[in-house]
Amino acid sequence: MRVRVLGSAAGGGFPQWNCGCPNCSGFRNGTLKARPRMQTQVAVSSGSSHWFLLNASPDLRQQIFATPELSVAPSSLASPISTILLTSADVDCVMGLLHLREFQPLHIYSTLSVRRILTEENSLFRVLARSNPPVRWDSLSLDRITPLAPPTSPGAKDGLFCKAVPLFGGFPDYVSDSLKGSLPPEEAVIGLQFVHKEKRLFYAPSFSGLGEDWQRSVDESDLALLDGTFWKDDELIQAKRSRKTARDMGHLPLSGERGMLKRPFRLGKTRRVLIHINNTNPVLNEESPEHRAVREAGWEIAYDGMEFNL
Ligand SMILES: [Zn+2]
């Protein structure tokens, strides 16, 4: 299984166009040692030329151009991308679907609740149905295995499978209260566990830290790409960018007594990588004590173009 990071920042990217925090201004004036990052986007392939997109970021068009494997081959009319899996209906997870609307048959997997939000509540996404055949939606049921790609021959164990893991986040603010009230809350935010040839990837770019399913999914995986949005719970309040804490926004902060870095993970097997890093997070500064603390705790920090072969 190939896993390619096309973008590794939280919403707004890094630097963010309207932000003057120490990270963003330090990057702009050249005094900060850090990489620029597009908004979080990951692509997965089980070895064939076909790629699966994990969510569809607002930067998707630029990210496809930056990745030769995702381009249309000169002799072919078909894109190697035709399937997208959604972890939530958040704007940063779905906006890129509009980049894919140009009359190409698409296959989208999500929970039934995310599908209802996009198809019933938001008429903008009806542009996806203009292709012939129209977009095909399939539901990801919680804790059930969904086959994404069949094995190459009968009996071969190289099929690609996916399991949806409930992460107990909230529905986005833009969803009306009446629709929200009719949707099961465990379908709001999911993690995705992929299995290919007995190797496992767990993808959870946004999670609250509630429940226990996510930690088990991390421990049984070879690679885990996990929510690294905020260093501190009150990071955006201190930066005067929001009145909400990280936890109010559905993100488990990295530091603090109950933060991600203090969680007990099984040692050895899992390569743990932070992704979806907000522009205010001091771990972006490669010379900061927070960056060093993350590395010393056994974590890696995703960057655009990072690639894994499992
Ligand atoms: Zn900033």
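**Helix packing and the metal site**

Biologist: What covers the buried residues of H4?

Modeller: The cover includes helix H3 (91-94), strand E5 (107-110), strand E6 (136-139) and helix H5 (177-181). Helices (H or I, at least four residues) and strands (E, at least two) are DSSP runs numbered from the N terminus. Covering goes by contact, meaning heavy atoms within 4.5 Å.

Biologist: And where do those numbers come from?

Modeller: This is a predicted model, in which local features need pLDDT of at least 70 and side-chain atom pairs count only at pLDDT 80 or more, while totals for chains, interfaces and linings use all residues. Residues are numbered from 1 along each chain as its sequence is written, and side-chain values use heavy atoms, leaving out hydrogens and water.

Biologist: Which residues of H4 are buried?

Modeller: In H4 (residues 112-121) they are Ser113, Val114, Ile117 and Leu118. Buried means under 20% relative accessible area, exposed over 50%, and partly exposed in between, with a 1.4 Å probe and protein chains only. Seen down the axis, the buried residues of H4 fall within an arc of 135 degrees, so they line one face of the helix. The arc is taken over the directions from the helix axis to the C-beta atoms.

Biologist: Changing topic: which residues are the protein donors of the zinc ion?

Modeller: Cys19 (SG), Cys21 (SG), Cys24 (SG) and Asn279 (OD1), at 2.1 to 2.3 Å from the zinc ion. Donors are N, O and S atoms within 2.8 Å of the metal (3.2 Å for Na, K and Ca), and sites may look incomplete because water is not among the atoms.

Biologist: What about the angles at the zinc ion?

Modeller: They run from 99 to 118 degrees among the four donor atoms, and the site is tetrahedral, a label that needs all angles between 85 and 135 degrees. The ideal for four tetrahedral donors is 109.5 degrees.

Biologist: How are the donor residues spaced in sequence?

Modeller: As C-x1-C-x2-C-x254-N. Cys21, in the loop between strand E1 (2-7) and helix H1 (22-28), is 258 residues from Asn279, in the loop between strand E12 (271-275) and helix H8 (289-296). Cys21 is buried at 8% relative accessibility, and Asn279 at 3%.

Biologist: Is Cys162 buried or exposed?

Modeller: Cys162 is buried, with a relative accessible area of 1%, and Cys93 is buried at 12%.

How values were computed: Tetrahedral: all angles 85-135°; square planar, octahedral: opposite > 155°, others 65-115°.
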